[in-house]
Amino acid sequence: MNQPYDLVRARPEPEFEISVDGAPVPVIPGQTIGAALHGAGIRSWRTTRIGARPRGLFCGIGVCFDCLVTVNGSPSLRACLTEARPGDRVSTGARAGQDGPGGRPGDGGGHGTDGGKTVNGR
């Protein structure tokens with residue numbers, strides 16, 4: 001099956017991987033962390049504080065705070081706006097006992113939220 005960039009004869013740089021809660025996730029250069037997670041079939045990676053409802057990409061443009069992750073130790077970054085870089089270590093809001101990126105209970109990392117505040121940069 002052709003990849004989308006094959007159809008337009010694009011020649012992106014070689015793919016690389018990031019680590020999400022210890023699991024490798026493939027990335028096409030230029031993708032945000034949110035796009036890489038979505039492309040890997042990961043639709044939610046944190047839960048709400050009340051009710052433990054799943055959250056992941058919602059708006060996709062940085063308006064909401066549903067896609068918060070910790071990247072290389074910098075908390076509360078919006079996955080939809082943060083470009084993935086080779087070697088990034090991403091920690092999500094998945095908690096022990098919930099399905100993490102690998103689909104296995106206990107793959108969780110940090111909580112990924114600090115009351116809605118954001119930290120610019122990494």
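This is a short tour of a predicted model, one selection at a time.

**Stop 1: the open sheet**

Start by showing the strands as a cartoon. Five of them, in the order β2-β1-β7-β5-β6, make up an open sheet with mixed pairing. Look at its edges, β2 and β6 (74-78), each of which pairs on one side only. On average, neighbouring strands in this sheet are turned by 40° against each other, direction ignored.

Now zoom in on β5 and β6. These two pair in the antiparallel sense, over 3 bridges. Select L68 and you will find R78 of β6 standing opposite.

**Stop 2: T70 in β5**

Stay with strand β5 (residues 68-71) and select T70, which lies within that strand. Is T70 buried or exposed? T70 counts as buried because its relative accessibility is 15%, and the cut-off for buried is under 20%. T70 and V90 are 20 residues apart in sequence, yet their C-alpha atoms are 5.6 Å apart in space.

**Stop 3: the nonpolar core**

V90 leads us on to the largest nonpolar core, which has 18 residues. The elements contributing two or more residues are β1 (16-20), β2 (23-27), α2 (33-39) and β5. As a rule, nonpolar side chains in soluble globular proteins tend to be buried together.

Now pick out I18 by itself. Leaving aside residues up to four places away in sequence, I18 touches A23, P24, V25, V27, I33, A84, R85, D88 and V90.

**Stop 4: the loop between β1 and β2**

Move to D21, which sits in the loop between β1 and β2. What is the phi of D21? D21 has a positive phi of about 50°, although it is not a glycine. That deserves a second look, because most residues other than glycine have a negative phi. With a relative accessible area of 16%, D21 is buried.

**Stop 5: the β3-β4 hairpin**

Finish by selecting strand β3 (residues 44-47) and strand β4 (residues 54-56), which run antiparallel and are joined by 3 bridges. Across this pair, T47 stands opposite P54. The two strands form a hairpin with 6 residues between them, and G51 in the turn has a positive phi of about 90°.

At 40% relative accessibility, A52 counts as partly exposed.

Conventions:
Residues are numbered from 1 along each chain as its sequence is written. This is a predicted model: local features need pLDDT of at least 70, side-chain atom pairs count only at pLDDT 80 or more; totals for chains, interfaces and linings use all residues. Side-chain values use heavy atoms; hydrogens and water are left out. Two strands pair if DSSP finds at least two bridges between them. Helices (H or I, at least four residues) and strands (E, at least two) are DSSP runs, numbered from the N terminus. Buried means under 20% relative accessible area, exposed over 50%, partly exposed in between (1.4 Å probe, protein chains only). A nonpolar core is a set of buried Ala, Val, Leu, Ile, Met, Phe, Trp, Tyr and Cys residues joined through side-chain atoms within 4.5 Å. Contact means heavy atoms within 4.5 Å. Axes are lines fitted to C-alpha atoms, for helices over the stretch in contact, and angles run from 0 to 180 degrees between N-to-C directions.
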